[in-house]
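Dear colleague,

Please find below the structure that I am handing over to you.

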Amino acid sequence: DTDLATWKTAGSITSITTQRETFIDSALTGEGTEFFRYGKIVWLTGNNEGLTHEIKSYDTSTGEVTLQLPAPFDFQTGDTFNAFAGCDKRKTTCQTKFSNLENFGGFPYMPGTNQRLITPAC
């Protein structure tokens, strides 16, 4: 059982790139580029307080966060949130990032749809 608090980082908006979609938290730097991708943001203050949004991308050098879908309400500088690490559902991520391979529920060796549709050549 993994404690979710281990993968939580507190943050706040320091500037807004695209209203309701992209913002920067200058203190939210230093994690790997893929660390917050596919993770989530839970808003603690501001117009979106109490809402949760999926993270589409995260730029480790600038602290820029892009949400998967636009937030319903405008951002404000100073809005606070908790950012949670994301998972791309790959076996290697489960093993190396989260050290949680025993709970990996995927099928990494099963052929995909394209492989099943291949027919013998005549």
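The notes that follow cover the aromatic residues, one asparagine and a pocket.

Please bear in mind that this is a predicted model.

Aromatic residues. The count of aromatic pairs comes to eight. In one of them, the ring centres of Phe23 and Phe75 lie 5.3 Å apart with the planes at 75 degrees, so this pair is edge-to-face. The two residues belong to distant parts of the chain, 52 residues apart: Phe23 is in strand β3 (residues 22-24), and Phe75 is in the loop between β6 (64-67) and β7 (80-84). Phe23 counts as buried because its relative accessibility is 0%; Phe75, at 3%, is also buried. Phe35 and Phe36 form another edge-to-face pair, with 4.8 Å from centre to centre and 90 degrees between the planes.

Asn48. This residue sits in the loop between β4 (40-43) and β5 (52-59). Asn48 has 0% relative accessibility and therefore counts as buried. Its side chain reaches the backbone oxygen of Phe73 at 2.9 Å. Leaving aside residues up to four places away in sequence, Asn48 touches Trp43, Ala71, Pro72, Phe73, Asp74 and Phe75.

The largest pocket. This pocket holds about 400 Å³ of space. Its lining comprises 18 residues, and those nearest its centre are Ala85, Gly86, Cys87, Lys89 and Phe98. By type, the lining divides into nine nonpolar, seven polar and two charged residues.

With kind regards

Terms used: Residues are numbered from 1 along each chain as its sequence is written. This is a predicted model: local features need pLDDT of at least 70, side-chain atom pairs count only at pLDDT 80 or more; totals for chains, interfaces and linings use all residues. Side-chain values use heavy atoms; hydrogens and water are left out. Helices (H or I, at least four residues) and strands (E, at least two) are DSSP runs, numbered from the N terminus. Buried means under 20% relative accessible area, exposed over 50%, partly exposed in between (1.4 Å probe, protein chains only). A polar contact is a pair of N or O atoms within 3.5 Å; within protein, one must be able to donate a hydrogen and the other to accept it, and residues adjacent in sequence count only if both atoms are side-chain atoms. Contact means heavy atoms within 4.5 Å. On a 1 Å grid over the protein atoms alone, a cavity is a set of points where a 1.4 Å probe fits but cannot get out, and a pocket is an open set with protein on both sides within 12 Å along at least five of seven lines; lining residues have an atom within 4 Å of a point. Grid points are joined across faces, edges and corners, and a volume is the space filled by probe spheres set on the points. Ala, Val, Leu, Ile, Met, Phe, Trp, Tyr, Cys and Pro count as nonpolar, Asp, Glu, Lys and Arg as charged, and the others, Gly among them, as polar. Rings of Phe, Tyr and Trp (its six-membered ring) pair if their centres lie within 6.5 Å; planes under 30 degrees apart count as stacked, over 60 as edge-to-face and the rest as tilted.
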